[in-house]
Amino acid sequence: MGERHHRFGLACLLAMVGGLPASVVSGTASADPAPTLTNALGMNFRLIPGGSFQMGCDPVTASTETCHSSEQPTHRVTLAPFYLAETEVTQRQWTAVMGRNPAHFQDPDRPVEQVSWEDAQAFVQALNQRPELGGG
């Protein structure tokens, strides 16, 4: 696996780790969620407000050089508020959840690397199964 694959997996992991809807964390959709939270592993999360935006590329207003066919058609995307991790997942945090450290550059305070998309999915699933770590 190439370095690009590992970076992609880690980026997706970071996005997914913070992808917990604010209503799940606060316990109710009507309560105002906290702007930040920290789980038992010291992972800090920030509340990202929900909203809507147009996603994609409109070939009428963009030139063919900047508008790839995979970006069409434009469509409206709406996101609920969610928490996003402030930093990468450290090797210490990964090991606490997964029981092993796959990193090549071993240091508990460094970001975990050498993880695939599947590894990231397993981490998120394991984290979400541990309420004491903020999962739910």
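What share of the 136 residues of the chain counts as buried? The share is 26%, where buried stands for under 20% relative accessible area, exposed for over 50%, and partly exposed for anything in between (1.4 Å probe, protein chains only).

## About the model

This is a predicted model, in which local features need pLDDT of at least 70 and side-chain atom pairs count only at pLDDT 80 or more, while totals for chains, interfaces and linings use all residues. Residues are numbered from 1 along each chain as its sequence is written, and side-chain values use heavy atoms, with hydrogens and water left out.

## The overall layout

Let us start with the chain as a whole. It contains four helices and six strands; these are DSSP runs numbered from the N terminus, with helices being H or I over at least four residues and strands being E over at least two.

Contacts tell us how the chain comes together. Counting a contact as heavy atoms within 4.5 Å, residues 24 or more positions apart make up 60% of the contacts with a separation of 6 or more. The accessible surface of the chain is about 8600 Å², and carbon and sulfur atoms hold 55% of that area; such areas come from the Shrake-Rupley method with a 1.4 Å probe, and for residues only the protein chains shown count as cover.

## Inside: the core and a ring pair

In soluble globular proteins, nonpolar side chains tend to be buried together. Here, the largest nonpolar core has 14 residues, and Val89, Trp94, Val97 and Phe123 have the most contacts inside it. A nonpolar core is a set of buried Ala, Val, Leu, Ile, Met, Phe, Trp, Tyr and Cys residues joined through side-chain atoms within 4.5 Å. Strand 6 (82–85), helix 3 and helix 4 are the elements that give two or more residues to this core. Helix 4 gives the most, with four residues.

Which aromatic residues pair up in this structure? A search of the whole structure finds one aromatic pair. Its members are Trp94 and Phe123, whose ring centres are 4.8 Å apart and whose planes are at 5°, so the pair is stacked. The rule covers rings of Phe, Tyr and Trp (its six-membered ring) with centres within 6.5 Å; planes under 30 degrees apart are stacked, over 60 edge-to-face, and the rest tilted. Trp94 belongs to helix 3 (residues 91–98) and Phe123 to helix 4 (residues 117–128), so the pair ties together parts that are 29 residues apart in sequence. Both Trp94 and Phe123 are buried.

## Charged partners

Side chains of opposite charge can pair when their charged atoms come close. A salt bridge is counted when a side-chain nitrogen of Lys or Arg is within 4 Å of a carboxyl oxygen of Asp or Glu, and the count comes to four salt bridges. One of them joins the side chains of Arg46 and Glu86 (2.8 Å, N to O). Arg46 lies in strand 3 (residues 44–48) and Glu86 in the loop between strand 6 and helix 3, so this pair links parts that are 40 residues apart in sequence. Arg46 is partly exposed at 47% relative accessibility, and Glu86 is partly exposed at 38%.

Another salt bridge pairs Arg92 with Asp109, their closest N and O atoms being 2.6 Å apart. Arg92 sits in helix 3 and Asp109 in the loop between helix 3 and helix 4, so the pair ties together parts that are 17 residues apart in sequence. Arg92 is partly exposed at 46%, whereas Asp109 is exposed at 56%.

Asp119 and Arg100 also meet through their side chains in a salt bridge (3.9 Å, N to O). Asp119 is in helix 4 and Arg100 in the loop between helix 3 and helix 4, so these parts, 19 residues apart in sequence, are tied together. Arg100 is partly exposed at 39% relative accessibility. Not counting residues up to four places away in sequence, Arg100 touches Trp94, Thr95 and Asp119.

## On the surface

Phe53, Met55 and Leu79 make a nonpolar surface patch of about 260 Å². Patches are made of residues with over 30% relative accessible area and no salt bridge; like charges are joined within 9 Å, and nonpolar side chains (Val, Leu, Ile, Met, Phe, Trp, Tyr) within 5 Å. Leu79 lies in strand 5 (residues 75–79) and is partly exposed at 41% relative accessibility.
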